[in-house]
Amino acid sequence: MAEWALLPLRLFLGATFAFAGLQKLANPAFFSAKSPTSIQAQMTGAARFSPIHSLLHAMIPHAVIIGWVIAYGELAIGIGTLLGLKTRIAAIAGAFLSFNLFLAVSFHSSPYFTGADIVFLFAWMPLIIAGGGSRLSADALITRRAAAQSGLVKLPLVAVPFENVQAFCGNFDKGHCRALSNRPCAADQCPVLDSRAPQVSSVAIKTFDRRSVVIGSTAVAVVAGAAAVTGLLTTATGHLEASATSGQKAATPTTLPSSGSNSSAGGAKGTLLGPASAVPVGSAATFTIPSSGDPGIVFQLNKGTFVAYDAVCPHAGCRVGYTPGAPLMLCPCHGSQFEVATGQVVSGPAPHGLTPLTVVGSANGNLYLQ
Ligand code: FES
């Protein structure tokens, strides 16, 4: 049974990474700077809190290339792990990606185990240490095939406690070995086990190494080609679906011009955001908070009652979105939900609610941020 032990973990990690890669490739918005779910928006958001924020800032201009590398990287890691092909290399790449996502996105998750990336990082460790196992594994298949082509017969191995070997060995005598001139018995010097080890010629080993490289490289090339074609087809399908539904897109909140300068009029003071008529009752509008540059969002709950928030998600800094008519605001990155009326978090992973802002309407019909 021990040979099957790694299989569930391998299949789970492989399927998850392959799915994550395909999901990104199928989503044109992931590569579009204008979308709040784009890789640019996610990197910009993550750079607010991440311990590697300087690196993230420097990488933002290359966000699209990084997005492609991540998407195809996840797909390659996922397929390699699923098939058990070059499993250690796939696992090292998976751990590297998970570690970077941990630093960039989920470093501040509290408690620490609520962030998925740190769990993925450690989930890769058994596959790095032990490889992909011998069951349903392309690596094992390649090894068997190369061994057969090199004339190496794989002898069945059976684990036997060394005490049993001592019990059946005629040379063992009270902890000493007669075959070793009565020196202490030790498994690593046992002449009985040594003489039964298969004798393999160095030519056969070299042939085996060569065959392993040839068969392994061929398998990697075939799988990489299939993955590239799958990725391209997924991307094309995503674009077709997006263009087919582009005419039925839900209305997005209005953007207020926000003057950025303080003023006072109609009995209200603060930064002029724009006309209150742009935010009808039950709807929202977005604006830029002049003091921080963060995106803000304002709602008119009832006639003349406005609530507003800094729309930066407190989990990892993505921009929280709102679909007109919905009861909740939603973070597109990891799905945190926030109440419209209070900004409180309804479901995580965001550790707390949105930062509230004060927006008031004036007698002259404008909105002011105080
Ligand atoms: S950034 Fe992760 S839920 Fe918002």
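In what order do the three strands β10, β11 and β12 form an open sheet, and in which sense do they pair? The order is β10-β11-β12, and the pairing is antiparallel. Please keep in mind that this is a predicted model: local features need pLDDT of at least 70, side-chain atom pairs count only at pLDDT 80 or more, and totals for chains, interfaces and linings use all residues. Residue numbers start from 1 along each chain as its sequence is written.

- Strands here are DSSP runs (E, at least two residues), numbered from the N terminus, and two of them pair if DSSP finds at least two bridges between them.
- β10 (328–330) and β12 (345–347) are the edge strands; each has a single partner strand, so one side of each has no neighbour in the sheet.
- From one strand to the next, the twist averages 35 degrees, with axes being lines fitted to C-alpha atoms and angles running from 0 to 180 degrees between N-to-C directions.
- Three bridges join β10 to β11 (residues 337–339) in the antiparallel sense.
- Opposite L330 you will find Q337 in β11.

**The β1-β2-β3 sheet**
- Another open sheet has three strands in the order β1-β2-β3, with antiparallel pairing.
- At its edges are β1 (172–173) and β3 (183–184), each pairing on one side only.
- β1 pairs with β2 (residues 176–177) in the antiparallel sense over two bridges.
- F172 has C177 in β2 as its bridge partner.

**Domains**
- The domain assignment lists domain 1 (1–155 + 198–249), domain 2 (162–197) and domain 3 (254–369); such bounds come from an automatic or database domain assignment.
- The centres of domain 2 and domain 3, taken over C-alpha atoms, are separated by 79 Å.

Note on methods: Helix = DSSP H or I, 4+ residues; strand = E, 2+ residues; numbered from the N terminus.
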